[in-house]
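Student: I have a model open and would like to go through it with you. Could you take my questions as they come?

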Amino acid sequence: MREHSRNPHPRADEPAPAVWTGRATNRFQWIAAVAGAACMALGITLAVESPWTSGIAALLMAVIGCVAAGLLVLFGTLAFVHVAVKVDDRAMEVRCGHIGVPRRRIPLAQVVGADFAPSVTPRQWGGWGYRWRPEKGTAVIVRRGEGLVLRLGDGLTFTVTVDDAESAVRVIRARLRHPAPPVPPAATGV
């Protein structure tokens, strides 16, 4: 059985836990999700109860537009209501939303360093969500606040906003100093 990080502020001399987990939540995203649901409801109401007199094509475009916009907003925001981060002895894994998509797994072998960012803002990355900037790298931004910045071997970074990011940085740095032994290949039985 693996142990998880339970101490929110471990000392630097404590051994790193077998698995570190953290998460961040943005309750503001629920407001956008409600707006998306309202847009869908408007489209359905138009389809069911509309005395539209301008022709069926205009009604169809309005209904499809409202439902499509509502679905995009609803699912786009629900995917970034929260983020879960897991660091084990081989990789860091980031899962977004309730179904864990989008998901990113970064092997620690590709990481050259980890830094604590005390203040990550959506403005730095161009908004909330899964972001990419050619000069910086990739980020998962679900809220403003502390974050974890991985420096990757290709010169780019991967940033994620997560609670207690400082502790995650300590765990990752400990893993980089003492990498896990390689996993032997599984027998193929041929």
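Student: What is leucine 78 in contact with, leaving aside its neighbours within four places in sequence?

Tutor: Leaving those neighbours aside, leucine 78 is in contact with Trp30, Ala33, Gly97 and His98, where contact means heavy atoms within 4.5 Å. This is a predicted model, in which local features need pLDDT of at least 70 and side-chain atom pairs count only at pLDDT 80 or more, while totals for chains, interfaces and linings use all residues. Residues are numbered from 1 along each chain as its sequence is written, and side-chain values use heavy atoms, with hydrogens and water left out.

Student: Where does leucine 78 lie, and how far is its C-alpha atom from that of histidine 98?

Tutor: Leucine 78 lies in helix H2; helices (H or I, at least four residues) and strands (E, at least two) are DSSP runs, numbered from the N terminus. The C-alpha atoms of leucine 78 and histidine 98 are separated by 7.5 Å, and the two residues are 20 residues apart along the chain.

Student: Why does leucine 78 count as partly exposed?

Tutor: Its relative accessible area is 22%, so leucine 78 is partly exposed. Buried means under 20% relative accessible area, exposed means over 50%, and partly exposed is in between, with a 1.4 Å probe and protein chains only.

Student: Which residues are buried in H2, and what covers them?

Tutor: In H2 the buried residues are Leu59, Ala62, Val63, Cys66, Gly70, Leu74 and Thr77, and what covers them includes H1. The 23 residues of H2 should span 33 Å at 1.5 Å a residue, and its end C-alpha atoms are 32 Å apart, which agrees. The expected span of a helix is 1.5 Å times one less than its number of residues.

Student: And H1, which residues are buried there?

Tutor: Gln29, Ala33, Gly36, Met40, Gly43 and Leu46 are buried in H1. They cover an arc of only 145° around the axis, which puts them on the same side of H1; the arc is that of the directions from the helix axis to the C-beta atoms. On the other side of H1, Ile31, Val34, Val48 and Glu49 are exposed. What covers the buried residues of H1 includes helix H2 (56–78).

Student: Where does UniProt place the "transmembrane region"?

Tutor: The UniProt record, an unreviewed entry, places that feature at residues 30–48 and 54–85; UniProt positions are given in the numbering used here, feature names are shortened, and annotations may be inferred rather than shown by experiment. In the model, residues 30–48 are 100% helix and 0% strand, with end C-alpha atoms 27 Å apart. Residues 54–85 are 72% helix and 12% strand, and their end C-alpha atoms lie 51 Å apart.

Student: Which strand holds alanine 84, and what does alanine 84 touch?

Tutor: Alanine 84 is found in strand E2 (residues 82–87). Leaving aside neighbours within four places in sequence, alanine 84 is in contact with Gly22, Arg23, Glu93, Val94 and Arg95. The C-alpha atoms of alanine 84 and valine 162 are separated by 7.8 Å, although these residues are 78 residues apart along the chain. At 27% relative accessibility, alanine 84 counts as partly exposed.

Student: New topic: is threonine 138 buried or exposed?

Tutor: Threonine 138 counts as buried, because its relative accessibility is 12%. Threonine 138 lies in strand E7 (residues 137–141) and, not counting residues up to four places away in sequence, touches Arg104, Trp125, Tyr130, Arg131, Trp132, Thr157, Phe158 and Thr159.

Student: What lies over the face of tryptophan 125?

Tutor: Lysine 136 does, at 4.4 Å from the ring centre. A charge sits over a ring if NZ of Lys or CZ of Arg is within 6 Å of the ring centre and within 35 degrees of the ring normal.

Student: Which residues does the cis peptide bond join, and where is the proline?

Tutor: The cis peptide bond joins valine 101 and proline 102, with omega about 0°, and proline 102 is found in the loop between strand E3 (91–96) and strand E4 (103–107).

Student: Last one: how many helices and strands are there?

Tutor: The chain has four helices and nine strands, and from the N terminus on, the elements run β-α-α-β-β-β-β-α-β-β-β-β-α. Buried residues make up 39% of the 190 residues in the chain.
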